Amino acid sequence: MRRTSTRLADGREIIYFDASDSAPDRRVADPRELGPVSTASEIRYDAALDEWVAIASHRQGRTHLPSADQCPLCPSRGEHHTEVPAEDYDVVVFENRFPSFAAAADVLPAGSPPGGDHGAASSEELFARRPGVGRCEVVCFTSDHDSPISRLPPEHVRLVVEAWVDRTCELSRLPHVEQVFCFENRGEEIGVTLGHPHGQIYAYPFVTPRTRRMLGSARRHRERTWRNLFADLLAAEVDDGSRIVSTSEHWVAFVPAAARWPIEVHIYPRRRVPDLPALDDAERDDFARIYLDVLRAMDNLYGLPLPYISAWHQAPVRIDRDLAYLHLEVFSVKRAANKLKYLAGSESGMGVFINDVTPEQAAAALRAANESR
Ligand SMILES: [Zn+2]
């Protein structure tokens, strides 16, 4: 693999990942005239929920579903200058022009939430706000506008894994970053504004609420049993078998017993590791195969590309790495070929999911879809 880091016209970093060392030189100048990137995002503390919320109003001006010949993620060809100056690429990553979190110098990180003593909370504490430091990156999975990741060969998906590993290592070194989140939103139903196959990476200046909660559960489980919660969940799913979707030498894909979404698959490595960089070569190769299995089964389910969110759960950069267990959660809002699951009153108002499909039915349907493709 060859890695080439260079800069776009406005100073943002762009990194090419090429499978072959003999790929053409990717260091092509960006001829566009671009204004400075807005870094005006801030995070505000929600004292009622003990969570940070990012406010990034500059994102309203984002490009919305441009036609393929106007796509900003395709390589630059002729007079069509895109976010990627090179004529072609295998996998490319660059800093988002409309970041929810952005680099900024000399600011305080959002370490722990305010509070601590027993005095009355000041409005400064109740309305705590800080600059939204961090970083947001775009990962283009392929230069081919019309090839979703589910239709790429395993060797190419493996190159995407290398890009995720590289970014997790690099972003974890940034002083204010507490957690690195690699994810993909696919489909207009999910709110995707660009049709080109791509994912994103968020480097957050705090540990996310979901991760904090999962690690809290893992800590309580360890205090009680001296065992790892996620390892026990995985072993119990393998033992039970009814919700397994696919297995391989190094990975297991299953529908969790308490799935929230009509289609939801979790993919765990058999060996507990904290994050993507900790996977060995065999595990990375094998992931490409099982991920394609799962995505293709999902596409096969209703005979059309399924909208989904694919979310990597990695250990925080600095804390609780011994409790975490790397895994991927893939889920879809589609509950039938032409029906969407909406996050309505119970889900959005109270955080209680109502799933119309039993996880065992969903797993059986995915197994059948996997076999019939
Ligand atoms: Zn494109």
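## Cavity, pocket, zinc site and selected residues

The lining of the largest cavity consists, by class, of six nonpolar, four polar and no charged residues (nonpolar: Ala, Val, Leu, Ile, Met, Phe, Trp, Tyr, Cys and Pro; charged: Asp, Glu, Lys and Arg; polar: the others, Gly among them). The model is predicted, so local features need pLDDT of at least 70 and side-chain atom pairs count only at pLDDT 80 or more, whereas totals for chains, interfaces and linings use all residues. Residues are numbered from 1 along each chain as its sequence is written, and side-chain values use heavy atoms, with hydrogens and water left out.

One cavity of 30 Å³ or more is present in the structure (on a 1 Å grid over the protein atoms alone, a set of points where a 1.4 Å probe fits but cannot get out; lining residues have an atom within 4 Å of a point). The volume of the largest cavity is about 80 Å³ (the space filled by probe spheres set on the points, which are joined across faces, edges and corners). The lining of this cavity is made up of Thr211, Met214, Leu215, Phe230, His313, Gln314, Ala315, Ala324, Tyr325 and His327. With three residues, helix 3 gives the most to this lining (helices are DSSP runs of H or I with at least four residues, strands are runs of E with at least two, and both are numbered from the N terminus).

The largest pocket contains about 1,900 Å³ of space (a pocket is an open set with protein on both sides within 12 Å along at least five of seven lines). Its lining comprises 46 residues, and Pro209, Arg210, Thr211, Met214 and His313 are those nearest the centre of the pocket. Thr211, Met214 and His313 are also among the residues that line the largest cavity. Helix 3, residues 209-225, supplies seven residues, the largest share of the pocket lining. By class, the pocket lining divides into 26 nonpolar, 10 polar and 10 charged residues.

A zinc ion is coordinated by the SG atoms of Cys71 and Cys74 and the ND1 atoms of His145 and His196, at 2.0 to 2.3 Å (donors are N, O and S atoms within 2.8 Å of the metal, or 3.2 Å for Na, K and Ca; water is not among the atoms, so sites may look incomplete). The angles among the four donor atoms run from 105 to 117 degrees, and the site is tetrahedral (all angles between 85 and 135 degrees for four donors). The spacing of the donor residues in sequence is C-x2-C-x70-H-x50-H. Cysteine 71 and histidine 196 link distant parts of the chain, being 125 residues apart. Cysteine 71 belongs to the loop between strand 4 (51-55) and strand 5 (91-95), and histidine 196 to the loop between strand 8 (179-186) and strand 9 (198-204). Cysteine 71 and histidine 196 are both buried (under 20% relative accessible area; exposed means over 50%, partly exposed in between, with a 1.4 Å probe and protein chains only).

Helix 2, residues 154-172, contains cysteine 169. Arginine 167 is also located in helix 2. Cysteine 169 counts as partly exposed because its relative accessibility is 29%, whereas arginine 167 counts as buried because its value is 2%. The side chain of arginine 167 makes a polar contact of 2.9 Å with the side chain of aspartate 166 (N or O atoms within 3.5 Å; within protein, one must be able to donate a hydrogen and the other to accept it, and residues adjacent in sequence count only if both atoms are side-chain atoms). Between cysteine 169 and proline 277, which are 108 residues apart in sequence, the C-alpha to C-alpha distance is 6.9 Å.

Glutamate 347 is part of helix 6 (residues 345-350) and counts as buried because its relative accessibility is 9%. Its side chain reaches the backbone nitrogen of isoleucine 354 at 3.1 Å. Threonine 247 lies in strand 10, residues 244-247, and is partly exposed, with a relative accessible area of 46%. A distance of 19 Å separates the C-alpha atoms of threonine 247 and glutamate 155, which are 92 residues apart along the chain.

Most residues other than glycine have a negative phi. Tryptophan 226 has a positive phi, near 65 degrees, and is located in the loop between helix 3 and helix 4 (229-240). With 73% relative accessibility, tryptophan 226 counts as exposed. Phi of aspartate 320 is likewise positive, near 55 degrees. Aspartate 320 lies in the loop between strand 13 (308-313) and strand 14 (327-332) and is partly exposed at a relative accessible area of 22%.

Key
Tetrahedral: all angles 85-135°; square planar, octahedral: opposite > 155°, others 65-115°.
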